[in-house]
Every structure is written in structure tokens, then in C-alpha cells.
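Good morning, colleagues. Before any discussion, please take a moment to look at the sequence and the model.

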Amino acid sequence: MINLRSMANRLTSGVNPNVTATLLVSTGYATDAAGLQVPTYAAPETVTVQVQALTQKELQHLDKLNITNGQAGVFVDRQLNSADRSTGSGGDVFQFPDSPSIPADLRGSEWLVVAVLEGWPGSGWCRAAITRQMS
């Protein structure tokens, strides 16, 4: 199978370099002693991502889904999940290191996957909308 994402990434990364992030894959939630739901995650993974602006069509699509907090798009060579009540997933999370090699607007921040824009399970990559989380 041809990996079009890999081919396109060779070109786009020359203009918009890939960055490294820690990915926390949502496994649902636990309930603490006070009865509050606390998100749970699989072991952290280091992934290479490309962060891009969302297109106008993507913003309109998210708006029609009543998702108003998409702030950026991310390409990654794996499948991601947004919040899904039927599976109990709270959405995957990206953590960007506080490093000079990371763009200033991402440095030291955490971003939640709010929607999968392009999911290609057989190809091993997807594009998702993400939003910055408060620290």
C-alpha cells in the first residue's frame, strides 16, 4: 500500500517541521474517593506530529457538530480518539515539551483531541482537531 501521508510529509515538513510530543491515549476514567471522574490513560508514548492550522471547511464542519473549541490540526502516524461516550473515552492528549526545538505557541502545553477529521485505520495515520488545555 502506498503511504500518501509519508510522501506528503516529506514536502510539508520542509516548510513546517515535525515536532515530538508525548501522547496519552485515553482508557476512560476512574472514580476517586469523592465520587469524581478522573481521566485514565495508557502508558505515555513519544510520537512525531505535524501541527497545522485548521482550514475554513474544517472549522465549519466542527461548528456544525457543535464543537467550537478546535484550535489546531495535527497529523500523526497512528489512529487517535476524541471523546466518545459509547466507549467511555475522554479523548487522547498531546503534551509538548518545554524545549527550544518546539514552536513557542506549543511549548510546555497540553492539547486534547476534540475531533478526528480524517481517520484512515488501514493506512496508519490520521488528522485530528486539538484544543489547548488549561494548566
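**A buried charged pair, and what surrounds it**

A word on conventions. This is a predicted model, in which local features need pLDDT of at least 70 and side-chain atom pairs count only at pLDDT 80 or more, while totals for chains, interfaces and linings use all residues. Residues are numbered from 1 along each chain as its sequence is written, and side-chain values use heavy atoms, with hydrogens and water left out.

How many salt bridges does the structure hold? There are two, a salt bridge being a side-chain nitrogen of Lys or Arg within 4 Å of a carboxyl oxygen of Asp or Glu. Side chains of opposite charge can pair when their charged atoms come close. The side chains of Arg127 and Glu58 form such a bridge, at 2.8 Å from N to O. That pair links distant parts of the chain, with Arg127 in strand S10 and Glu58 in helix H2 (residues 56-64), 69 residues apart. Helices (H or I, at least four residues) and strands (E, at least two) are DSSP runs, numbered from the N terminus.

The side chains of Glu45 and Arg78 also meet in a salt bridge, at 2.9 Å from N to O. Again distant parts of the chain are linked: Glu45 lies in strand S4 and Arg78 in the loop between S5 and S6, 33 residues apart. Glu45 is partly exposed, with a relative accessible area of 30%, and Arg78 is partly exposed as well, at 23%.

Let me turn to strand pairing, for which DSSP must find at least two bridges between two strands. S1 and S4 run antiparallel and are joined by five bridges; within this pairing, Leu23 has Glu45 of S4 as its bridge partner. S4 and S5 are likewise antiparallel, with four bridges, and Gln50 stands opposite Phe75 in S5. Five bridges then join S5 to S10, also antiparallel, where Val76 stands opposite Cys126.

Is S5 mostly covered or mostly open? It is mostly covered, five of its five residues being buried. Ala72, Val74 and Val76 point one way from S5, and Gly73 and Phe75 point the other way.

Next, the nonpolar cores. A nonpolar core is a set of buried Ala, Val, Leu, Ile, Met, Phe, Trp, Tyr and Cys residues joined through side-chain atoms within 4.5 Å. The largest has 20 residues, of which Val49, Val51, Val74, Leu80, Phe94, Phe96 and Ile130 touch the most other members. Strands S1 (19-24), S4 (45-52), S5 (72-76), S9 (110-120) and S10 (125-132) each supply at least two residues of this core. A second, separate core of nine residues includes Leu54, Ile67, Val93 and Ala129.

With contact meaning heavy atoms within 4.5 Å, and leaving aside neighbours within four places in sequence, the contacts of Phe94 include Val49, Val74, Leu80, Trp111 and Ile130.

Ser82 is buried, with a relative accessible area of 17%. Not counting residues up to four places away in sequence, Ser82 touches Ser89, Gly91, Val113, Val114, Ala115 and Val116.

Key
Buried < 20%, exposed > 50% of the residue type's maximum accessible area, 1.4 Å probe, protein only.
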